[in-house]
Amino acid sequence: MQLGRVLFGALVAIGYFSSLSLAQIKIGVAEALTGNAAQYGVPIRKGFDLAVSEINGSGGINGQKIELVIEDEQGKKEEAINVFKKLIFQDKVLLLFGPTLSNSAQASDPVAQGAKVVVFGTSNTADGITSIGNFVFRNSVTEADIVPVTLKIAAQKTGLKKVAVLYGNDDIFTKSGYDNFKKALEALKIPVTTTETFAKGDVDFKPQLTKIKSSNPDAVVLSALIAEGAPAMVQSRQLGITLPFIGGNGMNSPKLFDLAKDNSDNLWVGSPWSIENPAAENKRFISAYQKAQNALPDQFAAQAYDAMYIVVQALKKVKLTGKLEVDRGALRDALPAAQITGATGAFKFRQATGKDGKPAGYDAVQTAIVMMTKGNQYVIQLNEATSRAGSTPRP
Amino acid sequence: MHAQQLVNAISLGGVYALFALGFTLIFGVLNVVNLAHGAMFMLGAYTALQAVLFFKLPLAVAVLAAIVVTAGAGWLLDRFIFAPLRARQAPHLAPMIATIGLAISLNSTIQGLFGAENLRFPVHGLAAEGLRLGDVQITWLELQIILLAFLLMAVLLWWLMRTRMGTALRALAESRKAAALLGIDVEGLFRLTSVIASLLGGVAGVLIALYTNAVFPQMGQPMLHKGIAVVILGGMGDIRGALLGGFFLGCAEVFSVAYVGSTMRDAVAFGLLFAILLLRPQGLFGKAAQRRA
């Protein structure tokens, strides 16, 4: 009997020799590494690389090392679907990260949901991504959570009474940022003097800005990506508009200080991550990243780095059997309970509801850091995490 | 506000006119819709940017570098694309399709070399500082763009109307066969036109990159769409038309933002364009069934 068990065990071990003795946990990465979205996808990949080299360097997970299978989805829907299928069915990954853009996630995440594989987005912020199903996770904080805090703090500190709004109306990200600003402005009862729009690829914002100037607001709310947002700020300063700007997540990038050098002051943005955040975990991440990449990290690298550690947390609690379907399911069941404190601060999941009203995937619960630009850098104005722990509670 | 919007309109119009000059020249003489003009524009901007960032050259020298590189590109464009197609008497859509291919290759090459993200020139006094007249703000750069658009148009017109070479060029635009019979160096003139048009595109690229603070591989695309509209409005191939069309489009865009609303900008601007073309299908300066240089 005893012998039989041993023999059986040995047989199983031999049967899985090829996969188990190599002791690799395969994780797929589908990000935009070329094309326009590569400016986000490349730092994301570097964040994963850094986390994996740290984890494998310190012995892996229960003795097993992580192997990344990296594919380029080019920031395109069709390509994201192809790459997802390859990673899931051909490479047989345990879990996959990506894709870079919300647009692509809408198209490709249902593939992972259908195959019952966890898909983990680190940069998808549009509404509705996690309503696709219960295998869809993300640690990217949505603008719906960040924008109201940013606006409230900016209003408190600058004493603004009325604002003008400028946003890109032909891009899903900047448009949904505008919708969130609109909701938050209504909630705070801040009147809007004028709402102006621009289109992707526009280079001249002076007509809109001139109109904004003549409507006499106290601040300008700007929902734009850095490519249009930075020139808009420069041109507004050229027109003599010295008002504060309040930006969405798209404006939280150190690129601003290249593209709007010396015209970048007085922009308010909110994010769970700041390069200026002095928390120990963040400082450790920044110096490790700098050492590995010889460049400063951005929010996208930080979120990818943290995402890997969130998954590792869950993996430590899962007993891998070598049966792909079982392991994929077990990892999904373990993931919602994962909690870490990483470069982007304290993190845990919150279940989202699907289109049918039933529980679906998982969104991030994180605290916001509100920053203002000054002298070509971000200066922290409020860190929810530390202000809550502080002795004087805020209203 | 009205005065400022007028200044905005004229400087935006100058930008469009500057872009359209080279575009219309190639059409007028070579009878080619050069869809690579946007890529030349981008090439000029990147050349100057690299000259400033990498070789640390002053801006004036960087502009010269951009002129040299885009002129060279223009020479190659005619030597390896337009000339072989002319020699084979390809239908007139063939060179247009070839220029689409060239534009894609140039964009991809630049993106491969320098990345997809936005770059900009280091800040300098020219673009940042300016004049203040009452409520109106105008930067030196905007003034230069407006003046340069007029100056280049004047020089081109003088060259076409008053010099022997210009006369030859106009004869060529009128009829290639007749020009060849008169002993005009047809091939040489074609090549020269391609060179001049391309370097005009390159100079426009540098100035507009300075004006808008944005250099990226696809920067020529939106400009190309507007450029085509400007050239059709002005009358295909007409130099004065390119300038006037540019200012018209600039004004239409700015004033639709100012008085109708920014969401309606393109609808109003292109609606007006459509209305004008209904009244004058040949464009403002075009003459029906006749080509001009």
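1. Let's start with overall size. In this predicted model, chain B has a radius of gyration of 19 Å. A compact globule of 293 residues would come out near 19 Å, so chain B agrees with that expectation. Along its principal axes, the C-alpha trace spans about 60 × 50 × 35 Å.

2. As for secondary structure, you will find 12 helices and 2 strands in chain B. Their order along the sequence is α-α-α-α-α-β-β-α-α-α-α-α-α-α.

3. Helix α6 of chain B is worth a look while you have the model open. This helix covers residues 140-162, 23 residues in total, and reaches 32 Å from its first C-alpha to its last, close to the 33 Å expected at 1.5 Å a residue. Its buried residues are Leu141(B), Glu142(B), Ile145(B), Ile146(B), Ala149(B), Leu156(B) and Leu160(B); do note Glu142(B) in that list.

4. Finally, the meeting of the two chains. Here 24 residues of chain B are in contact with 28 residues of chain A. On the chain B side, at least two residues each come from α1 (2-30), β2 (136-139), α10 (220-234) and α11 (239-259). Sorted by class, the side of chain B that touches chain A holds 12 polar, 9 nonpolar and 3 charged residues.

Conventions
Residues are numbered from 1 along each chain as its sequence is written. Chains are lettered from A and ligands numbered from 1 in the order in which they are written. This is a predicted model: local features need pLDDT of at least 70, side-chain atom pairs count only at pLDDT 80 or more; totals for chains, interfaces and linings use all residues. Helices (H or I, at least four residues) and strands (E, at least two) are DSSP runs, numbered from the N terminus. The expected span of a helix is 1.5 Å times one less than its number of residues. A residue is buried if 20 or more other C-beta atoms lie within 10 Å of its own, exposed if 12 or fewer, and partly exposed in between; C-beta atoms are placed from the backbone. Two residues are in contact if their C-beta atoms, placed from the backbone, lie within 7 Å. Ala, Val, Leu, Ile, Met, Phe, Trp, Tyr, Cys and Pro count as nonpolar, Asp, Glu, Lys and Arg as charged, and the others, Gly among them, as polar. The radius of gyration is taken over C-alpha atoms; the globule rule is 2.2 Å times the number of residues to the power 0.38.
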